[in-house]
Amino acid sequence: MTRFAMRLLPVLLALGLSACGSRPPEAASTTANAVPAPDLAGMWSDPPRTALDQFCFMACTETGLKHLAALLDDPANDAKPYGDLSRDALQHQTDDYMRPHMTEAGLATWPLDPFADRGYLYCEPWGVVRQAFAPHQLEIKQYADHVDLHYGEWDAHRTVHLDGRSAPSDQAHTPLGYSIGHYEGDTLVVETTRVTEGDGTLQVWDGRHSDQVTLIERYRRPTPERLELTATLTDPWALREPIELKKVWRFAPDQEIGPYDSCEPAAAQASEGKAK
Amino acid sequence: MKPKHLVSFVGAVIAAAALAAPAAAHHSFAAVFDGSKTVTLDGTVKEFRFVNPHALATIDVADDKGVVQQWTVEFDGRLNLTNFGWTDATIRPGERVKISGNPERTGAPRIFFSKIVRADGTELVRGGDRLNAIEEDRRLRAAQRAAASPAK
């Protein structure tokens, strides 16, 4: 074998292996500095079917999870319905973690008026604080310079820029904000700013946030079948100090996200009702 | 109008309540439906739309005098129903069914689905397999706890 052929061989092998990979051709398996990126790509959906993971269907806190684990480990609760235990843990999480972290301004909006829910009234999609913890599908596509996050709820798309940029100083605030990210070992770290004011997460943060809210999400895949999110949320208007929320998904390669095609705004229905 | 086949308002919803809220996630479940009540309709399926964010069915329900009122049944989204093995043919127009669910707070003829009983007696229960898996996980957890405890 000539010296040229020996030099060419590894390149050809690398190209061949790359062509056999499961990722789309444009997807990246490494970051710009050639550190392997963790493979988070694929379709994820509702949590693994365990009592603790179910508690994080929307979002959860370490406080709530510990309380639920204690309830589950108490033999006196073995015959109680799961729903009773999870409601107990949810109340504990609210009383011992969420409410103490809220400012007076944030607490003044707690709980949200369900009849003022703009998703319900006007089919208005969620902002990033609620969307990041949306139940059901999350499809992740990883590329060299960005990551796509595609949600079943609202068929929403987020782009996470990985090219080292900062949020433009003149970037307008939007419901989903502006996201930049990077990899830290096995973790994708996403920082989102420039968010318009909006509602907190379903079930856990039952109040409003301001346009000063920031969200730092950390995604990791501890096993091939499991995706975990730990997020730190900061908002000087609504929160006394940052809060940490968690969520978990199960790998669901057989699922796909369809069009969001039948949302019926309740406000319009109410108008029709009055007109009749 | 009081529907003849509006069988009952049953009290608190079973353990499935813990699973109910996520279903209507494109809006606040509590904004629309009363999770503390269950309504059972006995009627004929007029239409089933297998769509997102929620599948929808219309059911014709007759009252004591035979006057028909149309009810809307809201389900999980198409993709989540697919997880349960549902297709667009799972519920067929013309089929006689008993459907239970949480009623809309406004009193409008609309419920959020929890269970269907077909004419042949077979049932489709929302989230049934997930609930079963969670209970199995609890049994496993209890067994591990018992095994780890020193014998008295």
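I began with burial: of the 276 residues of chain A, 37% count as buried. I note that the model is predicted.

Next I looked up the secondary structure and found eight helices and 11 strands in chain A. For the contacts in chain A between residues at least 6 apart in sequence, I read that 57% join residues at least 24 apart.

Then I turned to the sheet. Nine strands of chain A close into a barrel, and I wrote down their order as S1-S2-S3-S4-S5-S6-S9-S10-S11. The pairing in this barrel is mixed. On average, neighbouring strands of the sheet are turned by 30° against each other, direction ignored.

I took one pair from the barrel order, S9 and S10. In chain A, strand S9 (residues 214-223) runs antiparallel to strand S10 (residues 226-234), and eight bridges join the two. I looked up which residue stands opposite A:Thr214.

I checked helix H3 of chain A, residues 62-72, for burial. A:Gly64, A:His67, A:Leu68 and A:Leu72 are buried there. Seen down the axis of H3(A), the buried residues fall within an arc of 135°, so they line one face of the helix. As background, residues three or four places apart in an α-helix point the same way, because there are 3.6 residues a turn.

Last, I looked at A:Pro168, which sits in the loop between strand S4 (157-161) and strand S5 (178-184) of chain A. Is A:Pro168 buried or exposed? I counted 9 other C-beta atoms within 10 Å, so A:Pro168 is exposed; the cut-off for exposed is 12 or fewer. The C-alpha atoms of A:Pro168 and A:Arg194 are separated by 9.6 Å, with the two residues 26 apart along the chain.

Definitions and conventions:
Residues are numbered from 1 along each chain as its sequence is written. Chains are lettered from A and ligands numbered from 1 in the order in which they are written. This is a predicted model: local features need pLDDT of at least 70, side-chain atom pairs count only at pLDDT 80 or more; totals for chains, interfaces and linings use all residues. Two strands pair if DSSP finds at least two bridges between them. Helices (H or I, at least four residues) and strands (E, at least two) are DSSP runs, numbered from the N terminus. Axes are lines fitted to C-alpha atoms, for helices over the stretch in contact, and angles run from 0 to 180 degrees between N-to-C directions. A residue is buried if 20 or more other C-beta atoms lie within 10 Å of its own, exposed if 12 or fewer, and partly exposed in between; C-beta atoms are placed from the backbone. The arc is that of the directions from the helix axis to the C-beta atoms. Two residues are in contact if their C-beta atoms, placed from the backbone, lie within 7 Å.
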